[in-house]
Amino acid sequence: MRYLSEYRDPDLARSLLRQIRQTVTRPWVIMEVCGGQTHSIVKNGIDRLLPSEIELVHGPGCPVCVTSLELLDKAIAIASRPDVIFASFGDMLRVPGSEKDLFMVKSEGGDVRIVYSPLDAVQLAKENPDKKVVFFAVGFETTAPSNAMAVRQASRGGLSNFSVLVSHVLVPPAMKALLNSPQNRVQGYLAAGHVCAVMGWEEYEPIARQHKVPIVVTGFEPVDILLGILMTVRQLERGEAKVENHYLRAVSREGNRPAQELIEKIFEVTDRNWRGIGVIESSGFRLRPEFAQHDAEQVFDLTDMKVSEPSSCISGLVLQGLKKPHECPVFAEECTPQTPLGATMVSSEGACAAYYSYGRADLLSGARSNQDDPE
Ligand code: SF4
């Protein structure tokens, strides 16, 4: 398939691996920010093909995984109401809340529907004027334009029965927060191409400069990722720290200006609580006050919810690159995609799901024996 097969070319991949081996002289820790990249790395065994000096750690770029438990419990409370049709992308339905997930709400009679676009939810609101239709607006900067479009359509169409439960998170503030952490191990970033397709890469330049980390914008296919790693390692070995864009087929420096303008009209920046990580300043979007009637958090009175994370889940450490999924004591035992204890085992972009799906259970015996070792 054109535009795909060339980015999966084995000869090209081998050549890039050879160049990486020839370039690296000492250990480096590189974080791929996006969960889609994590899945591609684990699925294609890229982490195992790299020279031992390069450690890839998995970042927080899975919006399903970082949606706060409190917001998820709010979604569950809203979806349980008899006057509500709750619309969501499918991967949010199995994410465990404090006591249940959205699938359980559906099985108990809640009107929970899987949609493929926020505009489907707007249509539901048109067709069901006697119901309150709520769309779970989860995502990074990538999904913000379509969610903004849905709110604008509902507002212009006078659909007062349509609202969104907003859980938008922003990538650059999370990258900065990880670098500012005293536990930080990240020395270089692979930035997410699809986020940069919307937002451009200008906003990464101050991060690279201030924190002295190379940032390479790359895509999701094996050749994309290997080239991103090679460019990052070259910078690290030379002592450089700049932003480079290798995802030229989709990303420009300034990004998609019309999409950014639409986002700007509907959303404003706010602090956001990231599941397992905590509150990161200015790391999310919320609706502007003029769209309050479409803001589900204001439409439904759901303040002061008490939440409790399962104590065994270490997904917060996984999302910060401090632990690998197989180092979780319940990975592939109590926690599987069928019985997930944390969001990173549910989402199609979650690191735990990637390790489980692509046969990393072989890592378990080593990890477990290390945990058991009193030394
Ligand atoms: S394996 Fe399950 S419990 Fe462990 S960190 Fe991953 S999601 Fe959480």
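Two residues are in contact if their C-beta atoms, placed from the backbone, lie within 7 Å. With that in hand, welcome to the views below. This is a predicted model, in which local features need pLDDT of at least 70, side-chain atom pairs count only at pLDDT 80 or more, and totals for chains, interfaces and linings use all residues. Residues are numbered from 1 along each chain as its sequence is written.

**View 1. The whole protein and its contacts.** Among contacts between residues at least 6 apart in sequence, 78% join residues at least 24 apart. The protein holds 17 helices and 11 strands, with helices (H or I, at least four residues) and strands (E, at least two) being DSSP runs numbered from the N terminus. Its C-alpha trace spans about 65 × 50 × 45 Å along the principal axes. Of the 375 residues, 50% count as buried, that is, 20 or more other C-beta atoms lie within 10 Å of the residue's own C-beta, placed from the backbone.

**View 2. Confidence along the chain.** The mean pLDDT, the predictor's confidence in each residue from 0 to 100, is 92 for the protein, and 94% of its residues reach 70 or more. Please look at residues 366–375 with care: pLDDT stays under 50 there, and the model has 3 contacts beyond four places in sequence for this stretch.

View 3. Domain 1 covers 1–313 and domain 2 covers 315–372, with bounds from an automatic or database domain assignment. Their centres, taken over C-alpha atoms, are separated by 20 Å. The contact takes 30 residues from domain 1 and 24 residues from domain 2. On the domain 1 side, α2 (35–43), β2 (54–61) and α4 (63–66) each supply at least two residues, and α2 gives the largest share, 6 residues. That side divides into 15 nonpolar, 10 polar and 5 charged residues; here Ala, Val, Leu, Ile, Met, Phe, Trp, Tyr, Cys and Pro count as nonpolar, Asp, Glu, Lys and Arg as charged, and the others, Gly among them, as polar.

**View 4. A close look at G350.** G350 sits in the loop between α15 (315–319) and α16 (351–357). This glycine counts as buried because it has 30 C-beta neighbours inside 10 Å. Leaving aside residues up to four places away in sequence, G350 touches G35, C62, V64, C65, A343, T344 and M345. P325, 25 residues from G350 in sequence, is 9.7 Å away in space, C-alpha to C-alpha.

**View 5. The shell around the ligand.** Of the 15 residues around the ligand, C313, C328, C335, G342 and C352 come nearest; a residue is near if its C-beta atom, placed from the backbone, lies within 6 Å of the molecule. By class, this shell has 11 nonpolar, 4 polar and no charged residues.

Notes: A residue is buried if 20 or more other C-beta atoms lie within 10 Å of its own, exposed if 12 or fewer, and partly exposed in between; C-beta atoms are placed from the backbone.
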